[in-house]
Amino acid sequence: MLYSLPNILTISRILAIPLIVALFWVKGDAARWAMLALFALAGVTDYFDGMLARSMGNISSLGRFLDPVADKLLVSALLIMLVWSDNISGLVILPALVILCREILVSGLREFLAGIKVGVPVSNLAKWKTAVQMFALGFLIVGAAGPDFWHPEITTTAVGEALLWLAALLTMITGYDYLQAGLRHMAEDDSASDE
């Protein structure tokens, strides 16, 4: 069902990506806040598409496919553009790279596991990782256009960078958990093939 409300919300998240990326070329604080508004709206659709699909009993194969793809496209595009625009620079590129690599690893792992008909449920820690990651990206999008917090050295960018490091740590933990579960299923699949 392509035109169900949950799928439309997910597709709208994908369609927001080019608009958010285009705003990186627009100068001024208003563009940063507009980017944040679009990003926040995309985050809200991420929450509501799954909730609506479950409450309406309208969980589709297309929705199960598109939802994680939309999330990974949004996060990957933002990380790349934040590095390109120097909103993420220096050592802070490392947590961005960890997050990007984990997204690719988990996507490949899910594809393999789907091939052997094994689902990997999303853990609570992975949900926390996503929340921290989204807040980090929001702070980094606003960057220098944002306010200072309590102290002149605690800038919006500094808060975003700290959250990005925390998200990278949670990313490594949850990525390891997914990899460990995937490797266990791979070993079981290999031993079943050998019999």
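**Ground rules**

I call a residue buried under 20% relative accessible area, exposed over 50% and partly exposed in between, using a 1.4 Å probe and protein chains only. The model is predicted: local features need pLDDT of at least 70, side-chain atom pairs count only at pLDDT 80 or more, and totals for chains, interfaces and linings use all residues. Residues are numbered from 1 along each chain as its sequence is written, and side-chain values use heavy atoms, with hydrogens and water left out.

**Entry 1: Met35**

I started with Met35. Its relative accessible area is 0%, so Met35 is buried. I placed Met35 in helix 2; helices here are DSSP runs of H or I with at least four residues, strands are E runs of at least two, and both are numbered from the N terminus. Next I listed contacts, meaning heavy atoms within 4.5 Å. Leaving aside neighbours within four places in sequence, Met35 touches Ile20, Leu23, Phe24 and Ile141. I also checked Val21, which lies 14 residues from Met35 along the chain. Their C-alpha atoms are separated by 8.2 Å.

**Entry 2: helix 2 as a whole**

I took the length of helix 2 next. Helix 2 covers residues 29-55, 27 residues in total. The expected span of a helix is 1.5 Å times one less than its number of residues. For helix 2 that gives 39 Å, and the end C-alpha atoms are 39 Å apart, which agrees.

Which residues of helix 2 are buried? I found Ala31, Arg32, Met35, Phe39, Ala42, Thr45, Asp46, Asp49, Gly50, Leu52 and Ala53. Their cover includes helix 1 (5-22), helix 3 (61-84) and helix 5 (124-142).

I then looked at Asp29, also in helix 2. At 47% relative accessibility, Asp29 counts as partly exposed. Asp29 and Ala145 are 116 residues apart in sequence, yet their C-alpha atoms are 5.2 Å apart. After helix 2 comes Gly57, with a positive phi near 65°.

**Entry 3: helix 2 against helix 3**

I fitted axes as lines to C-alpha atoms, for helices over the stretch in contact, with angles from 0 to 180 degrees between N-to-C directions. Helix 2 and helix 3 pack at about 160°, their axes 11 Å apart. That makes the two helices roughly antiparallel. My angle classes are roughly parallel under 35 degrees, roughly antiparallel over 145, roughly perpendicular from 65 to 115, and oblique for the rest.

The crossing of helix 2 and helix 3 is left-handed. I use left-handed when the near helix is turned anticlockwise from the far one by less than a right angle, and right-handed when clockwise.

Phe39, Ala42, Asp46 and Asp49 in helix 2 meet Asp67, Asp71, Leu74 and Leu78 in helix 3. By class, this contact has four nonpolar, no polar and four charged residues. I count Ala, Val, Leu, Ile, Met, Phe, Trp, Tyr, Cys and Pro as nonpolar, Asp, Glu, Lys and Arg as charged, and the others, Gly among them, as polar.

**Entry 4: helix 2 against helix 5**

How do the axes of helix 2 and helix 5 cross? They come within 8 Å and cross at roughly 160°. That makes helix 2 roughly antiparallel to helix 5. The crossing is right-handed.

Arg32, Trp33, Met35, Leu36 and Phe39 in helix 2 meet Met134, Leu137, Gly138, Ile141 and Val142 in helix 5. I sorted the contact residues into eight nonpolar, one polar and one charged.

**Entry 5: helix 1 against helix 3**

The axes of helix 1 and helix 3 come within 9 Å and cross at roughly 15°. That makes helix 1 roughly parallel to helix 3. The crossing is left-handed.

On the helix 1 side, the residues in contact include Ile11, Ile14 and Ile17. On the helix 3 side, Leu66, Ala70 and Leu74 are among them. The contact divides into 13 nonpolar, three polar and three charged residues.

**Entry 6: helix 5 and Lys129**

I closed on helix 5. Helix 5 has 19 residues and reaches 28 Å from first C-alpha to last, close to the 27 Å expected. Its buried residues include Ala126, Lys129, Val132, Met134 and Ile141.

Not counting residues up to four places away in sequence, Lys129 touches Arg102, Glu103, Ala167, Leu170, Thr171 and Thr174. Gly143 follows helix 5 and has a positive phi near 50°.
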